[in-house]
Amino acid sequence: MTSIKEQLISLEKHAMSDLKQIETEQGLDEWRINYQGRRNGQLPKLLEELPKLPIEDRREVGIAANKLRDTLEIGYNERLQEIKNSELQEKLLEETIDVSLPGRKQTLGKLHPTTQTIREISSIFVNLGYQIVDGPEVESDYYNFEALNIPPDHPARDQWDTLWLDYNNEEGIRPLLLRTHTSPMQIRTMENQEPPIRVIVPGRCYRHEATDTTHESMFFQIEGLAVDKGITFADLKGTLYTFARKLFGAERKIRFRCDFFPFVEPGVDMSIDCFSCDGIGCRVCSNTGWIEIMGAGMVHPDVLKRVGYDPDVYTGFAFGMGPERISMLKHGIDDIRHFYTNDLRFLEQF
Ligand code: PHE
C-alpha cells in the first residue's frame with residue numbers, strides 16, 4: 001500500500017490539474033467538495049488514516065497535510081479570481097461600443113443669409129454710434145404714408161404697391177396696411193424720443209408685387225435716421241461713404257444722384273462703383289459701372305414739424321436699403337426669390 005505521504009502527493013497533482021479545467025464557479029464548488037468536503041472529501045478521508053500511522057510519522061504527515069490544505073485553498077481562491085475576471089471580460093466585451101462605426105452626421109443650423117447681412121450692416125452702424133430699433137409690420141396709413149408727406153391722393157403712393165388689411169374705419173377708409181417700407185419708423189422714433197437721434201431699423205416690408213428676379217412681396221429693409229442740431233448733407237455723405245467702404249471694401253467710390261422721396265429734401269440715390277469690374281462695366285452693374293444700393297436724403301422740414309421738431313433747430317438725414325439686394329450683389333445671387341423659397345441647397349451655401 002502506497003504510503004499516505006505518496007497519496008498526498010498524488011492527490012495534490014490530481015487536484016491541481018482538475019482545477020485548471022474548471023470554468024465555472026459552480027464547478028469550482030464541486031471541486032472543493034470533492035477534495036476537501038467534510039464528509040467525503042478526498043483529503044479528510046485520507047487523514048482518517050492518520051491515527052493508524054506510527055507516532056513518529058504522524059507529525060510529518062500532519063504538516064504535509066496542512067500544507068496541502070493551504071495549497072488547495074490558495075488554488076481555489078486563485079482560480080475563483082480567474083473565473084470572475086474572465087466573466088467580467090466577457091461582460092465587458094458584450095457591452096463594448098464599437099467606436100469604429102461611422103457616426104450619424106449632426107447638421108448644424110446657421111443663420112439665414114438675410115440675417116447675416118442685416119447683422120453685418122447693423123454692426124457697422126452700431127460702431128458709428130447707432131441704436132438698433134424695431135417696429136410694427138402692421139402699420140397705419142398715417143405712419144406709412146401721411147406722416148411721410150404722402151397724402152391719400154398723392155401719386156407717389158403708386159411707388160409702393162400696398163397690401164391693405166381688410167378692416168374699414170367709420171369713414172369707410174382702410175387705415176391699416178402691411179408696411180411697404182421701414183420709413184414709418186422715422187416718425188415713430190422721432191415721436192418717442194428727443195434728438196440727438198441715431199437709429200437703424202431692420203425689418204420686414206411687404207408689397208403687392210408680381211414677383212420676379214428682383215421683386216418679392218416680402219423682403220427686408222434697413223432704415224437709418226440721424227437727427228441733431230447742425231446735421232448737414234456732408235454728414236449724410238460721410239456716414240454713408242464710411243458704411244459703403246466698410247461693407248464693400250476700402251477702394252469703393254460712391255456716387256449720389258438726385259432722386260425723389262416725398263419725405264426727404266433733397267433726396268438721392270446712392271451708388272457704389274461696381275466692385276465686380278471696378279467700374280468698367282459688367283453683368284453685375286448692367287454695364288453701367290455703378291450699383292445703386294440705397295435711397296437717402298435730408299429729412300423733410302414738414303416731417304420734422306409734424307413730429308414737433310423745429311426745423312430751424314434740428315436737421316437730419318435718413319436712408320433706406322434692401323439687405324437682400326446687397327447680399328445678391330455681394331454673392332452674385334441672380335434671383336431674390338431664392339431667399340424665401342427655403343431650398344436648403346441655396347441656404348446651405350451661406
Ligand atoms: N423708404 C424708401 C423706399 O422704400 C427708401 C428711403 C428711405 C429713401 C429713407 C430715403 C430715405 O424706397
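# A tour from the ligand outward

Select His181 and the ligand: a polar side-chain atom of His181 sits 2.9 Å from a ligand nitrogen atom. That is a polar contact, meaning a pair of N or O atoms within 3.5 Å. Taken alone, the ligand exposes 330 Å², and the protein buries 93% of that. Accessible areas here follow the Shrake-Rupley method with a 1.4 Å probe.

A note before moving on. This is a predicted model, in which local features need pLDDT of at least 70 and side-chain atom pairs count only at pLDDT 80 or more, while totals for chains, interfaces and linings use all residues. Residues are numbered from 1 along each chain as its sequence is written, and side-chain values use heavy atoms, with hydrogens and water left out.

**Next: two more contacts.** Pick Gln221. One of its polar side-chain atoms lies 2.9 Å from an oxygen atom of the ligand. Then pick Trp160, where a polar side-chain atom is 3.4 Å from a ligand oxygen atom.

**Show the strands.** Strands are DSSP runs of E, at least two residues; helices are runs of H or I, at least four; both are numbered from the N terminus.

**Step to the backbone.** Most residues other than glycine have a negative phi, and most peptide bonds are trans. Which residues does the cis bond with omega of about 5° join? Pro195 and Pro196. Pro196 is in the loop between helix H7 (184-192) and strand S4 (197-206). Move to Glu265 and Pro266, also joined by a cis peptide bond, with omega about -5°. Pro266 belongs to strand S7 (residues 264-273). Follow the chain to Asp278, in the loop between S7 and S8. Asp278 is not a glycine, yet its phi is positive, about 55°.

**Finally, zoom out.** Colour domain 1 (2-94) and domain 2 (113-347). These bounds come from an automatic or database domain assignment. The C-alpha centres of domain 1 and domain 2 are 96 Å apart.

Terms used: A polar contact is a pair of N or O atoms within 3.5 Å; within protein, one must be able to donate a hydrogen and the other to accept it, and residues adjacent in sequence count only if both atoms are side-chain atoms.
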